Amino acid sequence: MSSHTFVLNGEKVTVDVEPGVRLLWVLRDVLGVTGPKYGCGINVCKACTSHINGKAFNPCAVPIDKISESDEITTIEGLADTVDDDLHPMQEAWIEHDVAQCGYCQPGQIMAAVALVRKVQREGRAITEADLDTIRNVCRCGTYPRIRDAIKDGAQRM
């Protein structure tokens with residue numbers, strides 16, 4: 001076992017786990033943060049999408065020893081805290097567009113959407129259909145049209 005420290009949803013945490021353990025297992029099994037979902041475990045489905053230092057990433061593909069003490073991990077549980085409100089504007093858009101069916105992919109979908117909108121905003125432009133095509137999170141229920149509508153709405157709110 002070795003000790004690993006990083007910032008999770010605004011709080012510094014330290015865990016004792018074996019090097020090489022994927023961050024997703026640390027989040028879910030050690031820290032009890034269950035928003036990032038286990039879907040595939042191989043960086044394909046994107047159900048676990050979270051943010052590292054403000055950018056989307058998939059913790060199922062990142063070993064804990066690749067995370068540094070200064071890294072800031074944000075999961076769906078900490079997203080609203082980034083705007084100091086009960087819900088993030090993208091979460092509000094998700095609710096208003098009635099996106100979720102089974103809901104399993106929704107935390108990852110929302111986190112991917114927020115990261116995309118922030119990227120587009122940094123570039124000083126509006127989100128396009130081509131941008132929306134870059135989100136590759138799998139939704140087994142097929143709510144993609146509602147997801148796209150919610151992302152566009154959420155982008156305007158952000």
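The lining of the second largest pocket draws at least three residues from each of domain 1 (2-76) and domain 2 (81-157), with domain bounds taken from an automatic or database domain assignment. This is a predicted model, in which local features need pLDDT of at least 70, side-chain atom pairs count only at pLDDT 80 or more, and totals for chains, interfaces and linings use all residues. Residues are numbered from 1 along each chain as its sequence is written, and side-chain values use heavy atoms, without hydrogens and water.

**Second largest pocket**
- Its space is about 170 Å³.
- Of the 15 residues that line the second largest pocket, Tyr104, Cys105, Val138, Cys139 and Arg140 lie nearest its centre. A pocket is an open set of points on a 1 Å grid over the protein atoms alone where a 1.4 Å probe fits, with protein on both sides within 12 Å along at least five of seven lines; lining residues have an atom within 4 Å of a point.
- This lining divides into nine nonpolar, five polar and one charged residue.

**Largest pocket**
- The volume of the largest pocket is about 270 Å³, a volume being the space filled by probe spheres set on the points, which are joined across faces, edges and corners.
- Among its 15 lining residues, Ala56, Ala112, Ala115, Leu116 and Lys119 lie nearest the centre.
- Five nonpolar, five polar and five charged residues make up the lining of the largest pocket.
- Because domain 1 (2-76) and domain 2 (81-157) both give residues to this lining, the largest pocket lies between them.

Methods
Nonpolar A, V, L, I, M, F, W, Y, C, P; charged D, E, K, R; others polar.
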